[in-house]
Amino acid sequence: MIQQRETRNKMTLVGLLAIVLWGSLVGLIRSVSEGFGPVGGAAMIYTVASAILFFTVGFPRLSTFPRRYLLWGSLLFVTYELCLSLSIGYASSGRQAIEVSMVNYLWPSFTLVAAILFNKQRASLLIFPGVLISMLGIFWVLGGDKGLDLAATLANIEDNPLSYGLAFAGAVIWAAYSIVTAKYADGKNGITFFFMLVAVALWGKYLLSGGGEMIFSARSLIALALAASAMGFGYAAWNIGILHGNVTVLAGASYFTPILSAALAAVILGAPLSFTFWQGTAMVCAGSILCWAATRMRKRHPQGVNP
């Protein structure tokens with residue numbers, strides 16, 4: 001019993017490592033794009049990450065996958081990863097890349113709302129303030145030093161609507177992917193195959209758009225190795241943690257990823273963040289946690305009665 005508990009704790013730590021690795025991705029993706037370009041850099045990251053996943057997770061037997069999951073899962077996953085990587089790559093500065101990533105972190109709230117609408121997930125009324133606080137947090141972040149200021153937020157978005165639009169679309173698409181996975185995956189894990197599809201899609205876009213200059217330097221190559229490793233080993237570690245660790249601990253810790261991500265990105269990119277930014281980020285996390293609590297409380301007391 002003690003040995004099993006120790007093994008479970010170790011596997012939980014492996015899962016927590018995945019959260020740390022994912023938290024570093026915003027800064028690393030941005031660093032790679034500065035050397036290899038938004039599209040070329042992303043293509044190289046997913047190519048190397050695909051190789052890492054191939055040797056750690058392995059390549060799935062696609063013939064055993066439900067067709068609907070293989071079709072819709074691959075389409076949604078590829079689209080999401082394109083939105084994520086390109087939204088960060090197209091950002092005009094390190095600070096904007098971090099802001100863009102915060103928009104993408106609306107996905108936990110959107111996922112739970114989608115589960116309620118399409119998977120008949122029961123939830124308490126906490127879901128409404130949860131979504132509202134998450135959205136207000138994003139407006140707070142995009143308002144810059146002014147905090148909750150609609151004019152400043154709109155001006156910020158108008159400065160680079162492509163990056164912010166891709167990030168928001170990615171949050172919606174990941175929610176859809178999560179619902180499709182829960183409904184049709186039948187326990188299958190197609191992550192390696194999906195990553196390879198993302199790499200192919202990015203190289204196709206790179207070639208069709210006429211390529212672009214790539215600067216091979218020690219800094220860009222190190223950033224590439226770190227980004228691909230964080231992405232590939234992150235998914236591998238998360239898979240181990242979810243299968244053999246404490247899922248409740250991992251789920252709870254994952255809701256604090258925006259704070260960790262912003263902190264690591266600020267260090268990697270040398271982009272100082274204001275107090276108002278951290279206020280908005282905390283609101284995004286708090287809103288996601290409220291949404292999660294809404295589904296947990298309703299699940300525990302499905303009829304809304306006292307225990």
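## Buried and partly exposed positions in a predicted model

Serine 163 is buried, its relative accessible area being 0%; buried denotes under 20% relative accessible area, exposed over 50%, and partly exposed in between (1.4 Å probe, protein chains only). This is a predicted model, in which local features need pLDDT of at least 70 and side-chain atom pairs count only at pLDDT 80 or more, while totals for chains, interfaces and linings use all residues. Residues are numbered from 1 along each chain as its sequence is written, and side-chain values use heavy atoms, with hydrogens and water left out.

Two residues and their helices are set out below. Helices are DSSP runs (H or I, at least four residues), numbered from the N terminus.

| Residue | Helix | Relative accessibility |
|---|---|---|
| Serine 163 | α9 (residues 161-184) | 0% |
| Glycine 252 | α12 (residues 247-254) | 22% |

Residues up to four places away in sequence aside, serine 163 touches Ser87, Tyr90, Ala91 and Val100; contact means heavy atoms within 4.5 Å. Glycine 252 counts as partly exposed, and its C-alpha atom is separated by 7.9 Å from that of isoleucine 289, 37 residues apart along the chain.

A nonpolar core is a set of buried Ala, Val, Leu, Ile, Met, Phe, Trp, Tyr and Cys residues joined through side-chain atoms within 4.5 Å. The largest such core has 74 residues, of which Phe77, Ile98, Phe195, Met231 and Tyr235 touch the most other members. Helix α9 gives the most to this core, with 10 residues. Apart from this core lies another, of 5 residues, including Leu112 and Cys291.
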